Amino acid sequence: MSSPTAEHMEEHVLYAERPEWSDVVPIAQYENIQPLAPIFYSPEYKDATDYFRAIVKTGEKSPRVLQLTETIIRLNPAHYSAWQYRYETLIAISAPLEPELVLTNALTKASFKTYQVWHHRRLLLIVLRDPAPELAFNEEVLKADPKNYHTWSHRQWLLAYFDQAELWAGELPFVERLLDDDVRNNSAWHHRFFVSFERGGKYGTDEDTEEAVRRELYFTKERIALAPNNASAWNYLRGILNHARLPYSTQAAFAKQYVVDAVEPGADDVLDLENPPPSESAELPCAAAIEFMADVHEASGKEGIPKAVELWRSLAHTHDTIRKRYWEFRIREGVNA
């Protein structure tokens with residue numbers, strides 16, 4: 001929710017000047033006190049919130065309260081009390097919620113980084129019980145900011161709360177579209193893991209877990225081959241293996257291709273679908289792959305520690321110097337193991 005436009009403010013009449021509100025005695029925020037550093041509110045906001053405090057005190061819930069809370073919300077979209085009282089008023093007077101959702105659509109698009117607007121949507125959807133259109137709306141909002149936490153959190157709540165097969169059905173293709181647009185979208189990678197492995201509920205256990213692991217390994221390695229220095233994809237690869245309780249060594253043949261200084265000529269002449277090689281234009285070696293292989297060697301036991309230390313040293317001094325102190329710590333840990 002953005003602040004009202006100049007045109008809107010020109011048309012705005014203070015509640016203190018409206019005859020229909022003459023029966024309400026406004027309550028000032030700083031009643032009978034003189035604050036040392038008072039917040040500088042606009043006259044419109046101060047007027048509306050003074051009347052809001054009076055309404056809350058009397059407990060009035062009526063159509064005019066909806067008008068008042070909308071005014072406050074447009075001026076301050078993070079005003080949680082106004083949002084909550086608005087919802088309570090809607091329910092108390094049995095107001096139709098479909099028009100409220102339409103209004104909230106516009107307010108959400110204007111202030112999608114505000115938690116309160118998403119919470120209000122959630123309350124409305126719980127009562128309306130019609131989640132299908134919400135996925136399309138959510139995708140539309142994500143176009144403005146594909147990594148906005150509140151938008152993604154709302155989408156996951158929607159899927160998990162209603163847990164309908166038709167809602168889940170399009171999620172993997174949806175995420176794939178986003179990753180085609182930006183393979184480094186960590187939020188999309190996180191959502192893909194949620195859809196693949198963390199659903200829970202009635203429709204969360206139907207899929208063959210082993211098949212899901214094979215599918216996700218193939219998908220992830222294809223994306224790493226496309227952009228080797230993409231931390232999101234390497235983290236996702238680790239997540240799959242941790243979830244399936246598979247040792248990292250099962251992917252050593254794949255990762256080894258990304259720790260060399262350059263792609264070997266003719267490396268992609270024989271295509272290995274299980275272990276796609278980096279493209280000829282790839283920037284190698286890949287720090288994430290070096291870290292992965294170091295973990296492989298460390299997990300192999302004492303005999304693997306020297307090789308792990310060698311790789312950590314290459315990260316500390318050449319390939320990931322920004323985390324030099326961390327790699328030096330790993331080196332000390334390895335040497336003293």
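Modeller: A residue is buried when its relative accessible area is under 20%, exposed when over 50%, and partly exposed in between, using a 1.4 Å probe and protein chains only. This is a predicted model, where local features need pLDDT of at least 70 and side-chain atom pairs count only at pLDDT 80 or more, while totals for chains, interfaces and linings use all residues. Residues are numbered from 1 along each chain as its sequence is written, and side-chain values use heavy atoms, with hydrogens and water left out.

Biologist: Why is Arg245 called exposed?

Modeller: Its relative accessible area is 78%, and the term exposed asks for over 50%. Arg245 therefore counts as exposed. The residue sits in the loop between α13 and α14; helices here are DSSP runs of H or I with at least four residues, numbered from the N terminus.

Biologist: Why is Arg129 called partly exposed?

Modeller: The value for Arg129 is 49%, so it falls between the two cut-offs. Arg129 belongs to the loop between α6 and α7 (132-144).

Biologist: What makes the backbone of Arg129 and Arg245 worth a remark?

Modeller: Arg129 has a positive phi of about 60°, and Arg245 one of about 55°. Most residues other than glycine have a negative phi, and most peptide bonds are trans.

Biologist: Which form does the peptide bond from Leu284 to Pro285 take, cis or trans?

Modeller: That bond is cis, with omega near -5°. Pro285 is in the loop between α14 and α15.

Biologist: What is the reach of α12 from its first C-alpha to its last?

Modeller: The 18 residues of α12 reach 26 Å, close to the 26 Å expected. Its buried residues include Glu216, Phe219, Lys221 and Arg223. They pack against α10, α11, α13 and α14, where contact means heavy atoms within 4.5 Å.

Biologist: Why is Thr104 called buried?

Modeller: Thr104 has a relative accessible area of 0%, and the limit for buried is under 20%. It is therefore buried. Thr104 is part of helix α5 (residues 97-110). Beyond residues up to four places away in sequence, Thr104 touches Val117, His120, Arg121 and Leu124.

Biologist: Why does His120 get the label buried?

Modeller: Its relative accessible area is 1%, again set against under 20%. His120 lies in helix α6 and touches Trp83, Tyr87, Leu90, Glu100 and Thr104, leaving out residues up to four places away in sequence.

Biologist: What lines the largest cavity?

Modeller: A cavity is a set of points on a 1 Å grid over the protein atoms alone where a 1.4 Å probe fits but cannot get out, and lining residues have an atom within 4 Å of a point. The lining consists of Tyr80, Trp83, Gln84, Gln116, His119, His120 and Leu123. Helices α4 (80-92) and α6 (115-128) each supply at least two of the lining residues, and α6 gives the largest share, 4 residues.

Biologist: How many cavities of 30 Å³ or more does the rule give?

Modeller: The count is 1. The largest cavity holds about 40 Å³ of space, where a volume is the space filled by probe spheres set on the points, and points are joined across faces, edges and corners.

Biologist: What makes a set of residues a nonpolar core?

Modeller: The set must be of buried Ala, Val, Leu, Ile, Met, Phe, Trp, Tyr and Cys residues joined through side-chain atoms within 4.5 Å. The largest such core has 48 residues, and those with the most contacts inside it are Trp234, Leu237, Tyr258, Phe292 and Trp312. A second, separate core of 24 residues includes Leu75, Leu107, Trp118 and Phe137.

Biologist: Why is Trp327 called buried?

Modeller: Trp327 has a relative accessible area of 0%, and buried means under 20%. Trp327 lies in helix α17. Apart from neighbours within four places in sequence, Trp327 contacts Glu291, Trp312, Leu315, Ala316 and Asp320.

Key: 1 Å grid on protein atoms, 1.4 Å probe; cavity = no way out; pocket = protein on both sides within 12 Å on 5 of 7 lines; lining within 4 Å. Expected span 1.5 Å × (residues − 1).
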